[in-house]
Amino acid sequence: MASPHKVYGPQTNDLVLQLRKRNISKVILLGMLANLCVEAHLRELLEQGFEVLVVKDATAAPRHPQLGDGYKAAPINFGYIANALLSTDEVVAAMQ
């Protein structure tokens, strides 16, 4: 991304523009805040027409004392939403 981001998803930065400028249509998504940032990016990228694979063991989420583990729901949602949900080893093998 070449512009700062101020919300969970890519709506206020130029990620989609940068991907399109490079003719990229498939995205491998991973990162912190699985239940917020990663999911928001996943949803927006899909809505923008990208094919999105999420790396399930390369994402993380916070634990809250009252709300619990923020990661627990993330892989379930990813499985319903993403084009694919794979482990790091599976992604690396597929890329070779």
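Asn13 is buried, with a relative accessible area of 12%, where buried means under 20% with a 1.4 Å probe and protein chains only. This is a predicted model, in which local features need pLDDT of at least 70 and side-chain atom pairs count only at pLDDT 80 or more, while totals for chains, interfaces and linings use all residues. Residues are numbered from 1 along each chain as its sequence is written, and side-chain values use heavy atoms, with hydrogens and water left out.

Asn13 lies in the segment before helix H1 (15-21), helices being DSSP runs of H or I with at least four residues and strands runs of E with at least two, numbered from the N terminus. From there, the side chain of Asn13 reaches the backbone nitrogen of Leu15 at 3.0 Å.

Turning to the helices, the axes of H2 (residues 34-47) and H3 (residues 74-81) come within 10 Å and cross at roughly 5 degrees; axes are lines fitted to C-alpha atoms, for helices over the stretch in contact, and angles run from 0 to 180 degrees between N-to-C directions. That makes H2 roughly parallel to H3, a term for angles under 35 degrees. The contact (heavy atoms within 4.5 Å) includes Val38 and Leu42 of H2 as well as Phe78 and Ile81 of H3.

S1 is joined to S2 (residues 51-59) by 5 bridges, and Thr59 in S2 is the bridge partner of Gly31.

Conventions
Two strands pair if DSSP finds at least two bridges between them. Angles under 35 degrees count as roughly parallel, over 145 as roughly antiparallel, 65 to 115 as roughly perpendicular and the rest as oblique. Buried means under 20% relative accessible area, exposed over 50%, partly exposed in between (1.4 Å probe, protein chains only). A polar contact is a pair of N or O atoms within 3.5 Å; within protein, one must be able to donate a hydrogen and the other to accept it, and residues adjacent in sequence count only if both atoms are side-chain atoms.
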